[in-house]
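The following briefing concerns a single protein model and is arranged by topic. Please read it alongside the sequence and coordinates shown here.

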Amino acid sequence: MHKLLLDQPGKEMLVLGNEAIARGAVEAGVACATTYPGTPSSELSLAFFQMSKESDLYFEYSTNEKVALEVAAAAANAGIRSMCVMKHVGVNVAADALMTLAYIGVKAGMVLLTADDPFMFSSQNEQDNRYYGKMAGLCVLEPSSLPEAKAMATYAFELSEKLGEPVILRTTTRINHSTGAITLGELVKPNIKGSFTKDPFNLVAIPAVSRRLHTRLLQRLAEAEKITDQTDFNYVQGEGAWGIVCNGVSYNYVCDALNDLGVADKVSILRIGFSNPMPVAKVTEFLKGKEKILVAEEGEPFMEEAMRSMAQEVGCTIPIKGKGPELFSREGEFDPAGVRKAIAGFFGVDLAPAASLDLSDLPEIPARPPNLCAGCTHRAVFYEVKKAAEDMEIMHPTDIGCYTLGVLPPLSSADFLICMGSSISTGCGFSKFIDQKVVTYIGDSTFFHSGVPGLINAVHNNHNVTMVILDNGTTAMTGHQPNPGVDRDAMGQEGYNRISIENVVKGLGVESVTVIKPYKVQKSVDAIKEALAYQGVSVIIAQELCPLYAKALKRPAKKPFRIDMEKCKDHRLCVDALGCPAMYVENNKVAINAEQCIGCAVCAQVCPEHAIVPIRD
């Protein structure tokens, strides 16, 4: 049995933050969970996926975040408690549906989990999704610990049903990926039988209906303002004349800093866990008797601006600071040392520098830039496109996925990137105004997520662009989740239909469609040359399983390769052109690490002397 399905109330368990949230949802009786995979939320989706095989929970990896939200919204309006999971940028994709869903509301509890990523460990921006709650008029909850993450996940469903609105549960990387203990609560048997009552004048968002629903949404928001002032998730601790307002993981750093600085008795903390709407009465009460207030929050000055506005309303003129050159940055993650320094500087507390650790006996960590895996099929494609376009100037819009790492030399096959699905769309724009041949890259999952509309645009407007779809049979970068093109029979999962990318592309009207096997280098180069020469939209589908995924499926392993030193002329084309991490230079000679080499044989086909050969038993 999956550990998060254990029916043992009171049992303590060590879990990941994402697992704590999943358990909280299960204890609330969630019956439908949807997602598009994205770090730092991936393990939460995985937990739902695994539990769905042993319970009545319906779970799906949806085509993109908007679809995932719409599936969950339908379930919630059929009386089924649902949760929709995505990373922060995914809410941009889902925003169109979210903004109007707030008008329509829900019949059963619905929670939107957004996992924000300060410092961009695996993302293209640092956006602060609390503003989505403010813009949509929806409640936002922010946990500071794993037990609270579990408790908030449960409470969010109750709050959603009380207001008739979706609730946003906003986490940051440090909460999602921390490990800690939780105490299991009672499991609630989920309601899995929904129903729907036709009510078009409340559920069909035509203008006349929406004008009335907007009024209702504002009334519900006013009700939420009363709740946020009463909830235990917003609380004050300490009685000092100095004030600190904090949320999320920042609360833990603040508590540690006050103890380290020896000023805990001088400071009152207002911890905000229910951050939209902000608790007006609680904040204005907190302002009384304070000399100055510091707002510690990762991301944007969301609470800081609200605090100043509320202070102005009650005529309070004390300094309220947060973001600033000597205080907290709007960039990156917080850390304990940075929070301690900002608090000391703002309140004029002596900051004794921490004693430096003696690290002189530790070896220096070697620099290791991010790189595609040894034998990655994308590396072969990048090389083959370069080879096919040797007499051409080409420009490469790329997309979100492992292949984004093609930006680094020696591959240097990524020139422009905005967001999921942008490669073909921006490629259309570039193709109209530059003299270079435009070759775009997109993965199979991203193609289904949001690449299809761009390709339709390219066909309809007859742009001169080549789209390379890197079909490695899985959603590789986030941990091998399925997408509509995946063979789920091979994963041991029955009952799913597999969508052929080739048929989709042809169905959209693309006349030049080429399927290549990237490990066959010369055949691929010849086919790519023809595709590049085509005037109009051409599509190359590069089909080869992700090596890590193939290993997970227990596909037969190939023999690793070695260098035949008698044949090698040391021109290093294999290293300089491919940059495979299985290859290295030792004693001024190229060598291959047999432990990393997967036997793809691409380097062997690149070597003009045929000096790279398989290891014999």
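Arg130 is buried in this predicted model, because its relative accessibility of 0% falls under the 20% limit. Its side chain meets that of Glu142 in a salt bridge, at 3.9 Å from N to O. Glu142 also counts as buried, at 2% relative accessibility.

- Arg130 belongs to helix 5 (residues 130-136), whereas Glu142 sits in the loop between strand 6 (140-141) and helix 6 (146-163).
- The two residues are 12 residues apart, and their pair links distant parts of the chain.
- Salt bridges that share partners join Arg130 and Glu142 with Asp116, Asp128, Arg170 and Glu297 in one network.

**Other salt bridges**

- The count of salt bridges comes to 21.
- Side chains of opposite charge can pair when their charged atoms come close.
- Glu165 forms a salt bridge with Arg220, and their closest N and O atoms are 3.0 Å apart.
- Glu165 lies in the loop between helix 6 and strand 7 (167-172) and Arg220 lies in helix 9 (residues 207-230), so this pair ties together parts that are 55 residues apart in sequence.
- Glu165 counts as buried, with 4% relative accessibility.
- A salt bridge also connects the side chains of Glu19 and Lys3, at 3.3 Å from N to O.
- Because Glu19 is in helix 1 (residues 17-27) and Lys3 is in the segment before strand 1 (12-16), the pair ties together parts 16 residues apart in sequence.
- Glu19 is buried, with a relative accessible area of 18%, whereas Lys3 is partly exposed, with a relative accessible area of 33%.

- Five strands form an open sheet with parallel pairing, in the order 15-16-17-19-18.
- Strand 15 (394-395) and strand 18 (512-516) are the edge strands, each of which pairs on one side only.
- Strands of a sheet pair through backbone hydrogen bonds, either parallel or antiparallel.
- Five bridges join strand 16 (residues 437-443) to strand 17 (residues 465-471) in the parallel sense.
- Tyr441 stands opposite Val468, which is in strand 17.

**Helix packing on the sheet**

- Helix 18 (residues 521-533) lies across strand 16, strand 17, strand 18 and strand 19 (537-543).

Technical notes: Residues are numbered from 1 along each chain as its sequence is written. This is a predicted model: local features need pLDDT of at least 70, side-chain atom pairs count only at pLDDT 80 or more; totals for chains, interfaces and linings use all residues. Side-chain values use heavy atoms; hydrogens and water are left out. Two strands pair if DSSP finds at least two bridges between them. Helices (H or I, at least four residues) and strands (E, at least two) are DSSP runs, numbered from the N terminus. Contact means heavy atoms within 4.5 Å. Axes are lines fitted to C-alpha atoms, for helices over the stretch in contact, and angles run from 0 to 180 degrees between N-to-C directions. A salt bridge is a side-chain nitrogen of Lys or Arg within 4 Å of a carboxyl oxygen of Asp or Glu. Buried means under 20% relative accessible area, exposed over 50%, partly exposed in between (1.4 Å probe, protein chains only).
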